[in-house]
Amino acid sequence: MYSCLYTANANIKGSTLQQFNNPSSLPPVPSGHTRVVCVSDTHNEHNSIHLPPGDILIHAGDILTKSGHRHVVTAEAASGNPTVSAGTRNPPETPELQATPSGISLLQNFSHWLATQPHQHKIVIAGNHDQVLEVLGVDAVRKILEVNENTHYLCHDSVTLEGGIKVFGSPYSVWASTNRAFFGKMDYTDVPTGMSIIVTHQPCERLDDKGCPQASKADKRLTAALKRTGAQLHVCGHCHGWHGLYYTRHNIPSVCAPVCGYWMKPEDLWSEQATRGDSVDLQDGGYNPDLKYLPIVVDIVLGCGPAKHAPTVTKHNNVLPRQTQSKPLSPLATPFVPAKFANSHPDTHTGKGLDTSVEPHTSTTHDECT
């Protein structure tokens with residue numbers, strides 16, 4: 001997947017997204033703007049996503065797929081008893097949960113991909129499929145993901161980048177799903193003021209074409225927090241069918257950036273790799289990267305000015321020591337595409353068959369969240 005959607009000035013309400021089938025043809029970043037590249041819900045298929053460069057890369061959660069069901073077990077099971085999937089977030093009375101080696105390996109694979117991305121700053125949060133991250137805890141996840149100084153894993157906390165760009169990130173969501181990592185009723189009253197960007201897995205209140213709100217109480221609380229904190233951009237995921245650029249009732253741009261479609265049976269899965277990111281997909285099902293749900297690139301004026309290239313970072317909690325570089329990924333294998341899809345997907349690995357034209361994009365309206 002090489003295509004992306006782009007808008008030149010997200011600060012202006014009514015800005016629309018245009019599709020670029022060759023991100024190298026994106027226009028230069030306007031003076032005084034920051035280029036933000038937004039994705040979420042990669043569901044282990046990150047190696048099929050090829051991103052354009054930018055100042056800030058934001059991943060708004062759901063790195064993994066059903067990881068609470070597949071790659072989290074009780075401590076008893078981990079000690080040698082028959083493996084029992086944890087499935088959902090454990091209440092206090094249930095046994096302690098542990099991430100399996102396979103789950104940790106999937107997160108490490110994502111970390112390797114993330115480290116190869118060219119962006120000056122990288123912001124990552126978790127989502128409701130990411131129980132492996134919830135069970136590991138913030139410190140352990142940061143040791144895996146923050147392999148260089150410009151990568152920041154946020155878990156209902158914030159980071160300040162050079163240039164004064166303040167980013168708050170939270171993994172919590174409340175919409176119904178059988179994948180219940182980081183589920184909680186957040187009122188967002190503890191989000192600090194003065195934020196430039198707020199990243200959540202949960203979408204905020206969305207206005208439909210008639211200006212009517214489509215939202216739960218949690219969405220409305222998040223929308224209110226965007227206004228209260230002075231946020232100039234919101235980035236989210238979770239609801240695949242809400243993919244697109246929206247504006248809140250306070251005219252704050254909100255990018256919903258899932259890059260996968262809806263749940264597919266094993267026989268309907270495809271991958272740019274020789275196999276799936278999580279091999280359990282081939283027995284259980286999973287998500288396909290979807291050419292209708294492309295990475296979203298926005299150029300935006302942030303009140304503190306454009307992002308700088310040399311990251312100087314302040315977190316409100318202790319920053320863990322970081323390695324200087326990460327281990328590169330091995331070369332990509334031959335794409336794995338079932339016969340039924342052989343003629344329906346362009347050669348996204350090489351870029352052959354993709355033109356460089358600009359196409360108008362209309363946001364989808366399906367409300368399914370997973």
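Is Arg249 buried, partly exposed or exposed? In this predicted model, Arg249 is partly exposed, because its relative accessible area is 46%. The side chain of Arg249 meets that of Glu205 in a salt bridge, with a distance of 2.7 Å from N to O. This pair links distant parts of the chain, since the two residues are 44 residues apart. Glu205 is placed in the loop between strand E11 (197-200) and strand E12 (206-207), whereas Arg249 is placed in the loop between strand E15 (244-247) and strand E16 (253-256). Glu205 has a relative accessible area of 5% and is therefore buried. The salt bridge of Glu205 and Arg249 thus has one buried partner, Glu205, and one partly exposed partner, Arg249.

The structure holds 10 salt bridges. Two of them involve Arg70, with Asp278 as one partner and Asp284 as another. Between Arg70 and Asp278, the closest N and O atoms are 3.1 Å apart. Arg70 lies in helix H1 (residues 67-70), and Asp278 lies in the loop between strand E17 (260-264) and helix H7 (281-284). These positions are 208 residues apart, and the pair links distant parts of the chain. Both Arg70 and Asp278 are buried.

For Arg70 and Asp284, the closest N and O atoms are likewise 3.1 Å apart. Here helix H1 is linked with helix H7, across 214 residues. Arg70 counts as buried because its relative accessible area, 14%, is under the 20% limit. Asp284, by contrast, is partly exposed, because its relative accessible area is 31%. A network of salt bridges joins Arg70, Asp278 and Asp284 with Glu45, Lys66, Arg276 and Asp281.

The C-alpha atoms of Lys66 and Asp130 are 7.3 Å apart in space, although the residues are 64 apart in sequence. Asp130 is found in the loop between strand E7 (121-125) and helix H4 (131-136). With a relative accessible area of 0%, Asp130 is buried. Beyond its neighbours within four places in sequence, Asp130 is in contact with Gly61, Asp62, Ile63, Leu64, Ser67, Ala181 and Phe182. One of these residues, Leu64, is also approached through its backbone nitrogen, which the side chain of Asp130 reaches at 2.8 Å.

The largest nonpolar core has 45 residues, of which Leu133, Leu145, Tyr153 and Phe182 touch the most other members. Elements that give two or more residues to this core include strand E1 (4-7), strand E3 (34-39), strand E6 (97-99) and helix H6 (217-229). Helices H4 and H5 are also among these elements, and helix H3 (101-116) gives the largest share, 5 residues. Leu133 touches Ile63, Leu64, Leu107, Ala126, Val141, Tyr153 and Phe182, when residues up to four places away in sequence are not counted. Apart from this core lies another, of 28 residues, among them Ile56, Ala60, Ile165 and Val167.

Helix H5 (residues 138-145) has four named residues in its buried set: Val141, Arg142, Ile144 and Leu145. These residues lie on the same side of H5, because they cover an arc of only 160° around the axis. An α-helix has 3.6 residues a turn, so residues three or four places apart point the same way. Val138, also in helix H5, is partly exposed, because its relative accessibility is 26%. Val138 touches Tyr153 and Cys155, not counting residues up to four places away in sequence. Val138 and Leu154 are 16 residues apart in sequence, and their C-alpha atoms are 8.3 Å apart in space.

Finally, the cysteines were considered. The structure holds 0 disulfides. Cys256 is in no disulfide, and the nearest cysteine sulfur, that of Cys236, is 3.9 Å away. This distance, 3.9 Å, is to be compared with the requirement that the sulfur atoms of a disulfide lie within 2.5 Å. Cys256 is buried, because its relative accessible area is 2%. Cys4 is buried as well, with a relative accessible area of 0%.

Terms used: Residues numbered from 1 in each chain as written. Predicted model: local features only at pLDDT ≥ 70, side-chain atom pairs only at ≥ 80, totals over all residues. Heavy atoms only, no water. Buried < 20%, exposed > 50% of the residue type's maximum accessible area, 1.4 Å probe, protein only. Contact = heavy atoms within 4.5 Å. Polar contact = N/O pair within 3.5 Å; in protein donor to acceptor, adjacent residues only side chain to side chain. Salt bridge = Lys/Arg side-chain N within 4 Å of Asp/Glu carboxyl O. Arc of directions from axis to C-beta. Core = buried A, V, L, I, M, F, W, Y, C linked by side-chain atoms within 4.5 Å.
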